[in-house]
Amino acid sequence: MKRDQALAIVKEQITQHRYQHTLGVMETAIILAERYGADAKKAELAAIFHDYAKFRDKDEMKAIIEEQDMDPELLKYNSELWHAPVGAYLVEKEVGIKDSDIIDAIRYHTSGRPNMTLLEKIIYLADYIEPGRHFPGVEEVREMAKSNLDRALIKSIRNSIEFLMKKNQRIFPLTFHTYNDLVKKEAD
Ligand code: DGI
Ligand code: FE
Ligand code: FE
């Protein structure tokens, strides 16, 4: 699928603000793919569609999680987590993208998972450091991403967990598993 066609599809699904974020993730994901030797075309498409389901109705997302036998634990945690697995499902079903590398990068863009693929890491990180992000610590992760993808990823996940904990939010266990897996590999 061509970039312009993909962008036109996603533009219909999200707000103008989220669309600008999507363009930032796309640009960043392509740079990271070129830097770390991933497929830039897959990175482009995964980035374009990563937040496809962000504005779906909660009840619709809940129904999809149940009907498609997704992890029922998701329903016990913040509904902000749901748009990633639901997006993976809908991008395949509604947009027709079948490539499992792209679909999994969408599925795991919010929590990560142990043994992430290079493409999954790139989309997670691009989502965190795209030029439209302005939270404390982002510049440090941007710098790290220039030389060490895994270290940048660990830092971004640690920052996110800390941020959620400061807000008294519960952490989805898969987010912790992702963090532990990356830290273990870093220490090996
Ligand atoms: O969709 P984006 O805003 O671009 O970014 P995202 O998909 O990384 O995260 C969406 C939201 O999900 C964000 O507000 C924080 C929340 N979130 C991410 N990981 C966890 C989480 N919420 C909980 N409760 N637990 C998590 O592990
Ligand atoms: Fe997202
Ligand atoms: Fe995003």
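These legends accompany several close-up views of a predicted model.

**View 1. The iron ion (ligand 3) and its four coordinating residues.** Start with the iron ion (ligand 3), which is held by His21 and His50 through their NE2 atoms and by Asp51 and Asp127 through OD atoms. These contacts run from 2.2 to 2.3 Å. If you follow the chain, the donors are spaced H-x28-H-D-x75-D. Histidine 21 sits in helix 2 (residues 16-36) while histidine 50 belongs to the loop between helix 3 (40-49) and helix 4 (58-67), so this pair ties together parts of the chain that are 29 residues apart in sequence.

**View 2. The iron ion (ligand 2) and its donors.** Now look at the iron ion (ligand 2), where the coordinating atoms are an OD atom of Asp51 and the NE2 atoms of His83 and His109, at 2.1 Å. Along the sequence, the spacing of these donor residues reads D-x31-H-x25-H. Aspartate 51 comes from the loop between helix 3 and helix 4, and histidine 109 from the loop between helix 6 (100-107) and helix 7 (118-129), so the two tie together parts that lie 58 residues apart in sequence.

View 3. Which residue coordinates both the iron ion (ligand 2) and the iron ion (ligand 3)? It is aspartate 51, and the two ions are 3.6 Å apart. You can find aspartate 51 in the loop between helix 3 and helix 4. The side chain of aspartate 51 also makes a polar contact of 3.1 Å with the side chain of histidine 109. Why does aspartate 51 count as buried? Its relative accessibility is 2%, and buried means under 20%. Histidine 109 is buried too, with a relative accessible area of 2%.

**View 4. Ligand 1 in its pocket.** This view turns to ligand 1, which takes up the space of the largest pocket. How many residues surround ligand 1? There are 18, and the closest are Arg18, Lys54, Thr110, Arg170 and Thr175. Let us pick out some polar atoms around the ligand. Arginine 18 places a polar side-chain atom 2.9 Å from an oxygen atom of ligand 1. On its own, ligand 1 would expose 570 Å², and the protein buries 82% of that.

View 5. Most residues other than glycine have a negative phi. What is the phi of aspartate 69? It is near 55°, a positive value, and the residue is not a glycine. Aspartate 69 is part of the loop between helix 4 and helix 5 (83-95). Aspartate 69 counts as exposed because its relative accessibility is 69%, and exposed means over 50%.

**View 6. Asparagine 168, another loop residue with a positive phi.** Asparagine 168 has a positive phi of about 60°, although it is not a glycine. Where does asparagine 168 lie? Look in the loop between helix 9 (149-166) and helix 10 (173-187). Asparagine 168 is exposed, and its relative accessible area is 74%.

Technical notes:
Residues numbered from 1 in each chain as written. Chains lettered and ligands numbered in written order. Predicted model: local features only at pLDDT ≥ 70, side-chain atom pairs only at ≥ 80, totals over all residues. Heavy atoms only, no water. Donors = N, O, S within 2.8 Å, 3.2 Å for Na, K, Ca; no water. Helix = DSSP H or I, 4+ residues; strand = E, 2+ residues; numbered from the N terminus. Buried < 20%, exposed > 50% of the residue type's maximum accessible area, 1.4 Å probe, protein only. Near = heavy atom within 4 Å. Polar contact = N/O pair within 3.5 Å; in protein donor to acceptor, adjacent residues only side chain to side chain. Areas by Shrake-Rupley, 256 points an atom, 1.4 Å probe, with all protein chains shown as cover. 1 Å grid on protein atoms, 1.4 Å probe; cavity = no way out; pocket = protein on both sides within 12 Å on 5 of 7 lines; lining within 4 Å. Sits in = over half its atoms within 2 Å of the grid points.
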